[in-house]
Amino acid sequence: MDSLITAAARALAAGDALGALKRVALREDAAALALRGIAMAQLGDLERARGLLRRAARAFGPKEKVARARCVVAEAEIALVSRDVGWIGNALDQAGAVLQAHGDRLNAAHARNLEARHLLLIGRLDEAERLLSDKDAAPLPPVLRTARELVTAGIAIRRLHTGAARAAIANAGRAAEQAGIPALAAEVESAARLLEAPAARLIARKEERLLLLDEVETLLASNTLVVDACRNVARIGQTVVPLATRPVLFALARTLAEAWPGDVSRQTLVARAFRGKDADESHRARLRVEIGRLRGALHALAQITATPEGFALVPQEARSVAVLAPPAEERHSALLALLADGEAWSSSALAMALDTSARTVQRALEQLAEEGKVHSFGRGRARRWLTPPVPGFPTLLLLPAPLPNA
């Protein structure tokens, strides 16, 4: 490797993309193309970066497996940033195996970090955690330790383990300080701010207040019957009743929980669950059926008693009842939660992250676009959707991951 390539690589490792480009901007050999691609990615020109890395992979040829694998890892990182996540998993796995087999330990660790970030993004937390637990982070350089700790913090945040999340972010901050790269330090600061922002609303005894993430963790660990409108479940401690596929039952449960310790009239229940204006005899009959189903679903958590006006929720063992709701509620909130990171997503990547059909996501995006809440650019498979981040609208509890023991 010649001196200019070595100097450009060192500049990139230190986060100096312009310094790297000064050394290799006019060169067309494979190594220079790869370094130019990484530099353009650091400068934000992702499409040009991807094109340069693909040219570099072809120029290296089939015999230079390690160099080609490094190009794949770099392109996968660009795809992760641009939310083109469909192909990342297998490509990173194969590239990481090649790098590990040929003794390139650091780039193999980088591939592993990227794969864990990919799994975290699409909500596969157990797999991401297993991937990180296979190797010790201590021998890694500061940049890779920072990336690893940020993924660890992301997993802990999704699981509402705030103590573990704070510890991982503190470790990431120390590693980022050692690395001396401002962009890396900014990413750690952004992760730390998530723990200090309101994560949900608590509705209890007809009053509302915002909760931080550690307060949500405390609430879910307490002896409180929580009707969770972020995950559409009802729970007391470790006992969880999923209601995500039963929207009518969840609407009834939430309405009863919001009114606790009082009761709710039949007319109000009909309006909330069936969107009916008047509780006629057919609505009353349907309400009796659905209340019976809700009694069966919640039998381990609470009873539902009839009152002269309607029905009331009576917890079995819990001291109190509360509703946990997103800070701001609107249609397609989970979709908006993913788009709120400010990155441009493809509809297929959104469908993968939400574990739903691409057509469902496309219909939701079209509705949101009509309302002016999202916009797109590009056409066909290159079409991307985005929305500016909304200040003060944390999305942690809407992202695709189960709450503890759910």
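Cys71 is buried, at a relative accessible area of 4%, where buried means under 20% relative accessible area, exposed over 50% and partly exposed in between, with a 1.4 Å probe and protein chains only. Cys230 is likewise buried, at 13%. The count of disulfides comes to 0, a disulfide being a pair of cysteine sulfur atoms within 2.5 Å.

The model is predicted: local features need pLDDT of at least 70, side-chain atom pairs count only at pLDDT 80 or more, and totals for chains, interfaces and linings use all residues. Residues are numbered from 1 along each chain as its sequence is written, and side-chain values use heavy atoms, with hydrogens and water left out.

**The sheet**

- An open sheet is built from 6 strands in the order β2-β1-β9-β3-β4-β5, with mixed pairing; two strands pair if DSSP finds at least two bridges between them.
- Helices (H or I, at least four residues) and strands (E, at least two) are DSSP runs numbered from the N terminus.
- At the edges stand β2 (207–211) and β5 (239–242), each of which pairs on one side only.
- From one strand to the next, the twist averages 20°.
- Strands β3 (residues 224–228) and β4 (residues 233–236) run antiparallel and are joined by 3 bridges.
- Within β4, Arg235 stands opposite Val226.

**A helix across the sheet**

- Helix α12 (residues 213–221) lies across β1 (200–204), β2, β3, β4 and β9 (320–325), contact meaning heavy atoms within 4.5 Å.
- The direction of α12 is at about 120° to β2; axes are lines fitted to C-alpha atoms, for helices over the stretch in contact, and angles run from 0 to 180 degrees between N-to-C directions.

**Packing of α5 and α6**

- Two packed helices are described by the angle between their axes and the distance between the axes.
- For α5 (residues 65–81) and α6 (residues 88–101), the axes come within 9 Å and cross at roughly 145°.
- The crossing of α5 with α6 is left-handed, a term that applies if the near helix is turned anticlockwise from the far one by less than a right angle, with right-handed used if clockwise.
- From α5, the contact is made by Lys65, Val66, Ala69, Arg70, Val72, Val73, Ala76, Ala79 and Leu80.
- From α6, Ile88, Ala91, Leu92, Ala95, Val98 and Leu99 take part in this contact.
- The residues of the contact of α5 with α6 divide into 13 nonpolar, no polar and 2 charged; Ala, Val, Leu, Ile, Met, Phe, Trp, Tyr, Cys and Pro count as nonpolar, Asp, Glu, Lys and Arg as charged, and the others, Gly among them, as polar.

**Backbone geometry in loops**

- Trp260 and Pro261 are joined by a cis peptide bond, with omega about 10°.
- Pro261 belongs to the loop between α13 (247–259) and β6 (263–265).
- Leu160, a residue other than glycine, has a positive phi near 65°.
- The loop between α9 (142–158) and α10 (162–179) holds Leu160, which is buried at a relative accessible area of 2%.
- Lys206, also a residue other than glycine, has a positive phi near 65°.
- The loop between β1 and β2 holds Lys206, which is exposed at a relative accessible area of 69%.

**Gly61**

- Gly61 lies in the loop between α4 (46–60) and α5 and counts as buried, at 14% relative accessibility.
- In sequence Gly61 and Ala30 are 31 residues apart, while in space they are 9.2 Å apart, C-alpha to C-alpha.
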